[in-house]
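Reader: Could you take me through the ligand site in this one? I'd like a close look at what surrounds the ligand, and then whatever you can tell me about the neighbourhood.

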Amino acid sequence: MKEKLKEIQEKARKQIEEATGADSLNDIRVGFLGKKGELTAILKSMKDVAPEDRPAFGQMVNDVRSQIEQQLMQAKAAVEAKELESRLSFEKIDVTLPAKKNNIGHRHPNTIALEEVEKIFIGMGYEVVSGPEVEKDYYNFEALNIPADHPAKDEQDTFYITKDILLRTQTSGVQVRVMESKKPPIRMIAPGRVFRSDEVDATHSPSFHQIEGMIIDKGVTLADLKGTLAEFARRMFGEDTKVKFRPHHFPFTEPSAEMDVSCFKCKGKGCRFCKGEGWIEILGCGMVHPKVLKMSGIDPDVYSGFAFGIGLERIALLKYEIDDMRLLYENDVRFLSQF
Ligand code: DAH
């Protein structure tokens, strides 16, 4: 019996030593100490032991049992420690690694400039409206007093979709749409995309943006136009900005003008920016032509108004000192992130 016990003890020790994981340790436990285990079986054969030897034998079995339990416990702790170690080394985080950079988008210079223009005119009581980019010939040309044989209607400049439908070449058509749908007083600006059949270069693009503006009320005069646009220029480009109106021609305004602002870079002295002129042209404007008012259902004997059209890209290029318009359309984040 004693021999048998020794054998079991040695066998258990060896198996525990060789066990590789928690599962095999558990199998060993069951195999020796379980209900049908080898050690349990030996206890059952107690009856074959002489009565006087039984207490000593029982003690021996218990000793072996607790020894095996002890070994199992130690082996289990070792296995767990090893598992933890390998998991930790696998999950290790190197806190010195550079963080992953989350690139966020940037507002486009056009967007920033437009928001500034809008803010200024909203502050003067103007409403922001919009019109369709695919427009009728009537709104883009005819209702603006642009006769059928006007050079602007030439197919070289205008993208026609059908004979009567085109991609608008200017936002001025929105003036007519607003006059048709609203009674004066009207104060509106209409920013939007326009299209012209131009080759791409540093100052041209087949698609660009304008901001149309118009005010219609009783007794609006050229002095209102000058005062309003001069104030706009000061708020947009700085308090000391001077403005200059040069006579011009637009079919839908009479009289018409172009407005220059004193170069905010050199303050009028002349520099690379204003091409030595000291002045930079930023918009076209004029008193709304009586014919245009009449065609849109507004009585020119009662009402008058002025209108203007600002080139948005021009403002953005000037404001942010960008010298090639193409940069505005490439959407290169390295460029955009500078604004
Ligand atoms: N539509 C003109 C253009 O594209 C700009 C313009 C000039 C708009 C005078 C106006 C205006 O409203 O009064 O060149």
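This is a predicted model: local features need pLDDT of at least 70, side-chain atom pairs count only at pLDDT 80 or more; totals for chains, interfaces and linings use all residues.

Author: Residues are numbered from 1 along each chain as its sequence is written, and side-chain values use heavy atoms, with hydrogens and water left out.

The ligand has 15 residues around it, and the closest are Gln170, Gln175, Arg196, Gln210 and Glu212; to be near, a residue needs a heavy atom within 4 Å of the molecule. Strands E5 (207-217), E8 (279-288) and E9 (304-311) each give at least two residues to that shell. Strands here are DSSP runs of at least two residues (E), helices are runs of at least four (H or I), and both are numbered from the N terminus.

Now the polar contacts, meaning pairs of N or O atoms within 3.5 Å; within protein, one must be able to donate a hydrogen and the other to accept it, and residues adjacent in sequence count only if both atoms are side-chain atoms. Gln210 has a side-chain N or O atom 2.8 Å from a ligand oxygen, and a polar side-chain atom of Arg196 sits 2.9 Å from an oxygen of the ligand. Ala307 uses its backbone instead, with an N or O atom 3.1 Å from a ligand oxygen. On its own the ligand has 360 Å² of accessible area, and the protein covers 89% of that (Shrake-Rupley method, 1.4 Å probe; for residues, only the protein chains shown count as cover).

Next, what touches both Arg196 and Gln210? Thr169 does, from the loop between strand E3 (165-167) and helix H7 (173-181). Thr169 counts as buried because its relative accessibility is 6%, where buried means under 20%, exposed over 50% and partly exposed in between (1.4 Å probe, protein chains only). Leaving out residues up to four places away in sequence, Thr169 also touches Asn140, Phe141, Asp157, Thr158, Val194 and Phe195, with contact meaning heavy atoms within 4.5 Å. With Asn140, the Thr169 side chain makes a side-chain polar contact of 2.9 Å.
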